[in-house]
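Visitor: Could you walk me through this one? I'd like to go through the salt bridges and the strands.

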Amino acid sequence: MNKSYWTLITLLLIVFSSCKEQTETPTTTAKIEELPTERAIIRGFSVKDSSGVMVKDALQALQTVIYGDQGNELANLFYNRDGSIAWEDQYTYNEEGQKSGSRYFEKGELKITYKYDLDDQGRRVGFRAHDAATGVEMYRGFSKYENDGKTRIDGTAPGPNAVVQWNYEYQFDEQGEETGYVYIDANGNRFPSSYEVRSRDDQGRWTSRAVISDGVVKAIETRTFEKLDLQQ
């Protein structure tokens, strides 16, 4: 059996069993060329006070990230409360292994395609979004980097000559791990949040972190990694 067969079968298994706590989920119809080898399941919880400590309460968000045999992020799936897929992003890479585009799906149907513009370091500095059915450009996105690349500021514009609305700012540490972000509304008001890592796995990847805003824990996120055995 060829690589494409195993890729399709693995994706069906990933979507079907992405969270044992959820109901049955529909499968994805999109093709990914790189062989999936690992998935990360991210759960977001509201919090409650337990003797002065903020702890996990109710599940609020569920996400699955799929990684390939070359270490690339292949897909990002977001789920509804009932376990069905709300939307899905799948990524493409150029010959240099740089992320060069993505495809956005709703209920298994391709809706939007994205073509990335990269700088000489392979970082995304812009993108163009096109309607998948008509090919018409819908809007554009832009990214700029500051603080030696440890800050990325993202924005969008409705067209090539429109004013860019910068609405998110992300912070990263020396290893490239995200440490926090700032939401910027249309009036320029800034709403910062930071991450406090509470646990890591034996590879140093975070497995539990608190989301903090205004000095208060607003949410707790957990992340578990699972290897995908294609021989089964």
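Guide: Happy to; we'll take the overall picture, then salt bridges, then hairpins.

Guide: Please keep in mind that this is a predicted model, where local features need pLDDT of at least 70, side-chain atom pairs count only at pLDDT 80 or more, and totals for chains, interfaces and linings use all residues. Residues are numbered from 1 along each chain as its sequence is written, and side-chain values use heavy atoms, with hydrogens and water left out.

Visitor: Thanks! How many helices and strands are in the protein chain?

Guide: The protein chain has one helix and 14 strands. Helices here are DSSP runs of H or I with at least four residues, and strands are E runs of at least two, numbered from the N terminus.

Visitor: And what percentage of the residues is buried?

Guide: Of the 232 residues, 40% are buried. Buried means under 20% relative accessible area, exposed means over 50%, and partly exposed is in between (1.4 Å probe, protein chains only).

Visitor: On to charges: how many salt bridges does the count come to?

Guide: The count is 16, taking a salt bridge as a side-chain nitrogen of Lys or Arg within 4 Å of a carboxyl oxygen of Asp or Glu.

Visitor: Which residue does arginine 205 form a salt bridge with?

Guide: Its partner is glutamate 38, with the closest N and O atoms 3.4 Å apart. That pair links distant parts of the chain, 167 residues apart: glutamate 38 is in strand β1 (residues 36–50), and arginine 205 is in the loop between β12 (190–200) and β13 (206–213).

Visitor: Are those two buried or exposed?

Guide: Arginine 205 and glutamate 38 are both buried. They also belong to a salt-bridge network that links Glu38, Asp201, Arg205 and Lys227.

Visitor: What about lysine 150, where does its salt bridge go?

Guide: Lysine 150 meets glutamate 174, at 3.5 Å from N to O. Lysine 150 lies in the loop between β8 (137–146) and β9 (151–157) and glutamate 174 in the loop between β10 (165–172) and β11 (178–184), so the bridge ties together parts 24 residues apart in sequence. Glutamate 174 is exposed, at 63% relative accessible area.

Visitor: Switching to strands, how do β8 and β9 pair?

Guide: They run antiparallel over seven bridges, where pairing takes at least two DSSP bridges between the strands. Tyrosine 145 has arginine 152 in β9 as its bridge partner. The two strands form a hairpin with four residues between them, and asparagine 147 in the turn has a positive phi of about 55°.
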